[in-house]
Amino acid sequence: MSDLVTGIRAQVRDLLARRRVEYVVGYETGSDGVNARPFFAYTTEEADRLVFDNTCTHNLTKYLVEPERRGSTIGVVVKPCDARSLTVLLAEHKFPRDVVAIGVVCPGIVQRTREGGDGEAPQARCQVCDQHTPPACDILVGEATAEGPVLDQFARLAPLEAQSAAERSAFWSQQFERCLRCYACRQTCPQCYCDECFAEALDPEWVGVRIGRAENWLFHAIRCFHLAGRCIGCDECERVCPVKIPLGLLNRKLRKEVLDRFEYRAGTRSDERPPLETFRKEEKLDLA
Ligand code: SF4
Ligand code: SF4
Ligand code: SF4
């Protein structure tokens, strides 16, 4: 058993024994015996099912925003990128600060494919990760590491940015035409938490329910603007998409724009709301 697993189990047992939390959301080994899946530990005995390895891909902060969990005292295991989600949610006052964040030093998560051929290549987000020690957690598991050089988070965008506007438009048309409107991308995203999503509202009806190119465009355009300055780059939306629409490209582009225009990276400031949620009268965005 790795030191990280031993450390997580010990911390969770302690939190549950002291009744500091009602339960802890972490990871256990899935039914295939290989990949980790989310697990809720309610008892000290159940704490011994918790694991942490390079298959712990899910961003568990998603569970914190579920309406039925409001009012509960919850512990949650977070990787550094997940911790940034938590910071955004706290800055947005999504729930009271009675969440115990168990941060785990993260060496990186590997790619897995549904078609088999699982490899040990790091996920795209991990290839450019510059924060392996979770920021602002209540409990730290693992040895804090000195962060390496800041890597280019946006290198994946270069081929698309080199294209003309017409070429990019054709690219996204092709992608969105394949969208099934299954909403898996929305359901897995911790930053998508509206009680009623605009995509399903009927009065007013912002987006038609028809699964067609125009409606799909609108769904993705509005969703990515809702996430501008709030997306922390976990890439979970892209991972769960059943038809492999490269949503990570779309969200990266918006993250880059927000960084360039507002010098703001989501999840790094707990005392400030994301820039597109605020407004200054004198602000000029120079959007020619
Ligand atoms: S982006 Fe960084 S913190 Fe997130 S899973 Fe990858 S290595 Fe871990
Ligand atoms: S990468 Fe996707 S799932 Fe993760 S925060 Fe951004 S939009 Fe949400
Ligand atoms: S997960 Fe993929 S197919 Fe489903 S709504 Fe999102 S983009 Fe469309």
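Me: What is the phi of Gly33 in the turn between E1 and E2?
Reply: Strands and helices here are DSSP runs numbered from the N terminus (strands: E, at least two residues; helices: H or I, at least four). E1 and E2 make a hairpin, with six residues between them. Gly33 sits in that turn, and its phi is positive, at about 75°.

Me: What pLDDT do side-chain atom pairs need to count?
Reply: Residues are numbered from 1 along each chain as its sequence is written, chains are lettered from A and ligands numbered from 1 in the order in which they are written, and side-chain values use heavy atoms, leaving out hydrogens and water. This is a predicted model, where totals for chains, interfaces and linings use all residues, local features need pLDDT of at least 70, and side-chain atom pairs need pLDDT 80 or more.

Me: In E2, which residue is the bridge partner of Val24?
Reply: Two strands count as paired if DSSP finds at least two bridges between them. E1 (residues 23-29) and E2 (residues 36-41) run antiparallel and are joined by six bridges. Within that pairing, Val25 partners Phe40, while Val24 partners Ala41.

Me: Which strands stand at the edges of the sheet?
Reply: Five strands make an open sheet with mixed pairing, in the order E2-E1-E3-E4-E5. Each edge strand has a single partner, so one side of each is left without a neighbour; those strands are E2 and E5 (139-141).

Me: What angle does the direction of H1 make with that of E5?
Reply: H1 (residues 3-17) packs on the sheet, touching E1, E2, E3 (74-78), E4 (99-104) and E5; contact means heavy atoms within 4.5 Å. Axes are lines fitted to C-alpha atoms, for helices over the stretch in contact, and angles run from 0 to 180 degrees between N-to-C directions. On that basis, H1 and E5 make about 155°.

Me: Which helices give two or more residues to the shell around ligand 1?
Reply: A shell residue has a heavy atom within 4 Å of the ligand. Around ligand 1 these include Cys81, Cys106, Cys126, Cys129 and His132. The elements giving two or more residues are H2 (80-91) and H3 (124-127).

Me: Which cavity does ligand 2 take up?
Reply: Cys189, Arg223, Asp235 and Asn251 are among the residues around ligand 2. A cavity is a set of points on a 1 Å grid over the protein atoms alone where a 1.4 Å probe fits but cannot get out, and a molecule sits there if more than half of its atoms lie within 2 Å of its grid points. For ligand 2, that space is the largest cavity.

How values were computed. 1 Å grid on protein atoms, 1.4 Å probe; cavity = no way out; pocket = protein on both sides within 12 Å on 5 of 7 lines; lining within 4 Å.
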